[in-house]
Amino acid sequence: MGITPKNKPHIFYMHPGSWPVHIGFTSNKVEFGKEMSRLGVTDPPEFITSGANATTHILTKNEEGTTIIVCLDIGKKASRAQILGLICHEACHVWTMVCESMRGSCPGGEHQAYGVQWIAQNIAEKVWGEA
C-alpha cells in the first residue's frame, strides 16, 4: 500500500536502502503517539523509558519487516555534545537491531562503522535542521 494523506507517517523515516527495516526518529511525544496509532500498535511503549533521555523501540516484526523508532527528548537542557552522544548511543542500538533483523548475518568492521554513522547523521540532521 502506498503512502496517502490518510496513512502518512507522523514521524521522520530514513531510507536505509536494502536493509530489511524501517527506521524512524522523533523528538515529539504527541507525534510518537499518532504514529503508534497509524501503525496499529494497540499497547504502545513509553515514548522515552523512565529515567532515560532517549529510547530505541522495535515495534513490529511482520511481513512488512521490522520497524525501529528512535525517540529523543531534546527538550531538556543538554549540550550539543550530550545530544550527539545520545544520538550515537541510539544509533548503535539501531545497528544491533538491523543485524538481528538480518538473522545475525550482519557485516562488521568498516560496514558497521558506516552504518552507525549513516543512522547518527540522519538523526543529527533532523535534530539540528541541517539536511
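Let's start at a turn: β1 and β2 form a hairpin with 6 residues between the strands, and in it Gly17 has a positive phi near 65°. Before I go on, please keep in mind that this is a predicted model.

Now for the overall layout. The chain has 3 helices and 4 strands, and if you read along the sequence, they come in the pattern β-β-α-β-β-α-α. There are 131 residues in the chain, and 38% of them count as buried. What about contacts across the sequence? Taking contacts between residues at least 6 apart in sequence, 58% join residues at least 24 apart.

Back to the strands on either side of that turn. Strand β1, residues 12-14, runs antiparallel to β2, and 3 bridges join the two. One spot to look at is Tyr13, which stands opposite Gly24 in β2.

Strand β2, residues 21-26, pairs with β4 in the parallel sense, over 6 bridges. Here Gly24 turns up again, standing opposite Ile69 in β4. For Phe25, the bridge partner in β4 is Val70.

So, which of these strands are covered? In β2, 5 of the 6 residues are buried, so this strand is largely enclosed by the rest of the structure. Strand β4, residues 65-72, is mostly covered too, with 8 of its 8 residues buried.

Let me zoom in on one residue of β2, namely Thr26. Is Thr26 buried or exposed? Its relative accessibility is 6%, so Thr26 counts as buried. And what does Thr26 touch, leaving out residues up to four places away in sequence? The list is Ile11, Glu31, Phe32, Phe47, Ile69, Val70, Cys71 and Leu72.

Okay, on to the inside. The largest nonpolar core has 24 residues, and Ile87 and Ile123 have the most contacts inside it. Which elements give two or more residues to this core? They are β2, β4, α2, which is 80-101, and α3, which is 109-128. The largest share, 8 residues, comes from α2. Apart from this core there's another one, of 10 residues, including Tyr13, Met36, Ile69 and Cys71. We've already come across two of those in the strand pairing: Tyr13 opposite Gly24, and Ile69 opposite Gly24.

Let's stay with Ile87 for a moment. Setting aside neighbours within four places in sequence, Ile87 is in contact with Leu72, Ala120, Ile123, Ala124, Val127 and Trp128.

That leads us to the two helices, α2 and α3. How do they cross? Their axes come within 9 Å and cross at roughly 135°. α2 and α3 are therefore oblique to each other. As for handedness, α2 passes α3 in a right-handed crossing. On the α2 side, the contact is made by Arg80, Ile83, Leu84, Ile87, Ala91, Cys92, Val94 and Trp95. On the α3 side, the residues are His111, Gln112, Gly115, Val116, Ile119, Ala120, Ile123, Ala124, Val127 and Trp128.

Pick out Gly115 from that set; its place is in helix α3. Gly115 has a relative accessible area of 4%, so it is buried. Beyond residues up to four places away in sequence, Gly115 touches Trp19 and Trp95. How far is Gly115 from Val98 in space? The C-alpha to C-alpha distance is 9.5 Å, with the two residues 17 apart in sequence.

Last stop: Ser101, which lies in helix α2. At a relative accessible area of 17%, Ser101 is buried, because the cut-off for that is under 20%. Not counting residues up to four places away in sequence, Ser101 touches Pro20, Val21 and Thr66.

Terms used
Residues numbered from 1 in each chain as written. Predicted model: local features only at pLDDT ≥ 70, side-chain atom pairs only at ≥ 80, totals over all residues. Heavy atoms only, no water. Buried < 20%, exposed > 50% of the residue type's maximum accessible area, 1.4 Å probe, protein only. Pairing = 2+ DSSP bridges. Core = buried A, V, L, I, M, F, W, Y, C linked by side-chain atoms within 4.5 Å. Contact = heavy atoms within 4.5 Å. Axes fitted to C-alpha atoms, helices over the stretch in contact; angles between N-to-C directions. Parallel < 35°, antiparallel > 145°, perpendicular 65-115°, else oblique. Left-handed = near helix turned anticlockwise from the far one by under 90°.
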